[in-house]
Amino acid sequence: ADIPVIPDLEEVQEEDLAMQVAAPPSVQVNRVLTYHDLDKDLMKYAAFQTLDGEVDLKLLTKVLAPEHELREDDVIWDWDHLFTEVSSELVTEWELGQSERED
């Protein structure tokens, strides 16, 4: 009676698992803060104005660049064009260096 039995294929087919659906996982979604929210928090909370309670970051927070100055448009790079541009600049610099040495 203690010997495990391998089920027959007919018994397994009787159990219809196709209609059973697993419950989706529940995930808590946190709101992502915007740059504006982070800037307000930086100026509001004193915890962001010192590092390890010793280093004063007030001067740094006053001169941080605003977001609109840091944003750049996305530019698609074409390898052939980029390689040609960089190699042309290098050749130009090399030629200028050669002419300065000759003078």
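The protein has five helices and two strands. Going along the sequence, the order is α-α-β-β-α-α-α. This is a predicted model, so a word on confidence before the details.

The mean pLDDT of the protein is 78, and 77% of the residues score at least 70. By element, the lowest mean belongs to α1, at 65, and the highest to helix α5, residues 79-102, at 91.

Next, the surface. The protein has 103 residues, and 4% of them count as buried. Its accessible surface is about 10800 Å², and carbon and sulfur atoms account for 58% of that.

One spot on this surface is a nonpolar patch formed by L33, Y35 and L38. Together these residues have about 280 Å² of accessible area. L33 sits in the loop that runs between α1, residues 9-14, and α2, residues 35-44. Is L33 buried, exposed or partly exposed? Its relative accessible area is 39%, and because that value falls between the 20% and 50% cut-offs, L33 counts as partly exposed.

Last, helix α5, the element with the highest mean pLDDT. T84 is located in this helix.

Note on methods: Residues are numbered from 1 along each chain as its sequence is written. This is a predicted model: local features need pLDDT of at least 70, side-chain atom pairs count only at pLDDT 80 or more; totals for chains, interfaces and linings use all residues. Side-chain values use heavy atoms; hydrogens and water are left out. Patches are made of residues with over 30% relative accessible area and no salt bridge: like charges are joined within 9 Å, nonpolar side chains (Val, Leu, Ile, Met, Phe, Trp, Tyr) within 5 Å. Accessible areas come from the Shrake-Rupley method with a 1.4 Å probe; for residues, only the protein chains shown count as cover. A salt bridge is a side-chain nitrogen of Lys or Arg within 4 Å of a carboxyl oxygen of Asp or Glu. Helices (H or I, at least four residues) and strands (E, at least two) are DSSP runs, numbered from the N terminus. Buried means under 20% relative accessible area, exposed over 50%, partly exposed in between (1.4 Å probe, protein chains only). pLDDT is the predictor's confidence in each residue, from 0 to 100.
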